[in-house]
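Student: I would like to go through the terms used for this structure and see what each one rests on.

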Amino acid sequence: MIGTANGRPISITGLGCYVPDRVLSNDDLAQMVDTSDEWIMERTGIRERRVAAPEQAMSDLALPACEQALEDAGMRGADLDLIIMATVTPDMAFPATAAILGDLLGATEAACYDLSAGCTGFMYALAQAYGMLAGGLAERALVVGGDVLSKILDWTDRSTLVLFGDGAGAVVLENVRGGGFLGFELGAEGAGGVHLWLPGSGSRHFDDPETFVKMNGREVFKFATRILVSSAEKLLRECGRSVEEVDVYVPHQANVRIIDHAARKLGIPQDRIVVNVDRYGNTSSGSIPLALADAEAEGRLRDGSLVLMTGMGAGLTWGSSLMHWTEQQERIAA
Ligand code: ACO
């Protein structure tokens, strides 16, 4: 699916993120499984990751991110008319974590639902919220991306354990005076689903003892390096933009090698890429909003900056968006 914006400008007007306090270093993991800091750094670029406390579930991580995003947008929960939570680790299958958050935020007027698209969830949710605003169904949307993958990892499996971390990010979407989203490109290759899956997690396999993430790392690696490039190229072309115009590139934070490969193929210089996978590992749907929050904290998101985001993950799915960042003074609801 691909499309460009053709109505009133819609942009991100608030941003927030949260990661749990507990830091697990590569050396900590080397105490648990047969691995080393050297191996993890060389193959992934990950130095450490955050891990939720036993009592922390998805909504506990998402709530502070949502509160921060609302404050950044100068808004209250009651002002929202849509909350989409992108996650594969909801508090439970139902009620939706978005509805739990809606209650905690006082969003009494909002439609609330969860969305499952693996690590691409945040990008899918962003596109959906954009579509709801563009279609006039909503005026103020909260899009939350996050995962608590530590809860569904096999803590004896070194091939997956070292890659992932916990975290969440949230953005508010509103009509603005200028700038905002230029287009989206989303897709899925269901045939590749077997390369990254959670067997005992649904009606096909409720009685399956395999309740942990299974991954064919090499296949996912091949998919990721291919799709990050092709999705970005397609979207840039559709929007009539060139890669040279991209000021800030925010790829899914899975692995430094995957990011470097994509940036090299696309021709995006290092100083335009946002990388924080070294500190957080792969936080799935939390990855892109966490990276956006880092970029904003570092002063890299200026008014009009052309921002390219691409996510990819379980499904196998992917999604890109292109937008002009919108500064505070432009954030006046139309
Ligand atoms: N520590 C030490 N050795 C390890 C570890 C580890 N943590 N994990 C695997 N190895 C060993 C393997 O057993 C293998 O040993 P062998 O040669 O004796 O058989 C050797 O290291 C090489 O294994 P490979 O799997 O070939 O290593 P590779 O270079 O492919 O790197 C990795 C593995 C890092 C998982 C890589 O394939 C990758 O990054 N894949 C993408 C994974 C990913 O990003 N998934 C999520 C994306 S989608 C989403 O975000 C949900």
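Predicted model: local features only at pLDDT ≥ 70, side-chain atom pairs only at ≥ 80, totals over all residues.

Tutor: Residues are numbered from 1 along each chain as its sequence is written, and side-chain values use heavy atoms, with hydrogens and water left out.

Student: Why is strand E5 called largely enclosed?

Tutor: Buried means under 20% relative accessible area, exposed over 50%, and partly exposed in between (1.4 Å probe, protein chains only). Five of the five residues of E5 (residues 82–86) are buried, so the strand is largely enclosed by the rest of the structure. Leu82, Ile84 and Ala86 are buried on one side, and Ile83 and Met85 on the other, which leaves both faces covered.

Student: What makes E5 and E6 a strand pair?

Tutor: Strands (E, at least two residues) and helices (H or I, at least four) are DSSP runs, numbered from the N terminus. Two strands pair if DSSP finds at least two bridges between them. E5 and E6 (residues 111–115) have five bridges and run in the parallel sense, so they meet that rule. One of the contacts links isoleucine 84 with its bridge partner in E6, tyrosine 113. The chain passes from E5 through helix H4 (residues 97–105) to E6 in a right-handed β-α-β crossover. Right-handed means that, with the strands pointing away from the viewer, the path from the first strand over the helix to the second runs clockwise.

Student: Which residue in E7 is the bridge partner of isoleucine 83?

Tutor: The partner is leucine 142. E5 and E7 (residues 140–148) run parallel and are joined by five bridges.

Student: How many cavities of 30 Å³ or more are there?

Tutor: There are two. A cavity is a set of points, on a 1 Å grid over the protein atoms alone, where a 1.4 Å probe fits but cannot get out; lining residues have an atom within 4 Å of a point. Grid points are joined across faces, edges and corners, and a volume is the space filled by probe spheres set on the points.

Student: What lines the second largest cavity?

Tutor: Its lining residues include Cys119, His252 and Gly311. Helix H10 (287–297) gives the most, with three residues.

Notes. 1 Å grid on protein atoms, 1.4 Å probe; cavity = no way out; pocket = protein on both sides within 12 Å on 5 of 7 lines; lining within 4 Å.
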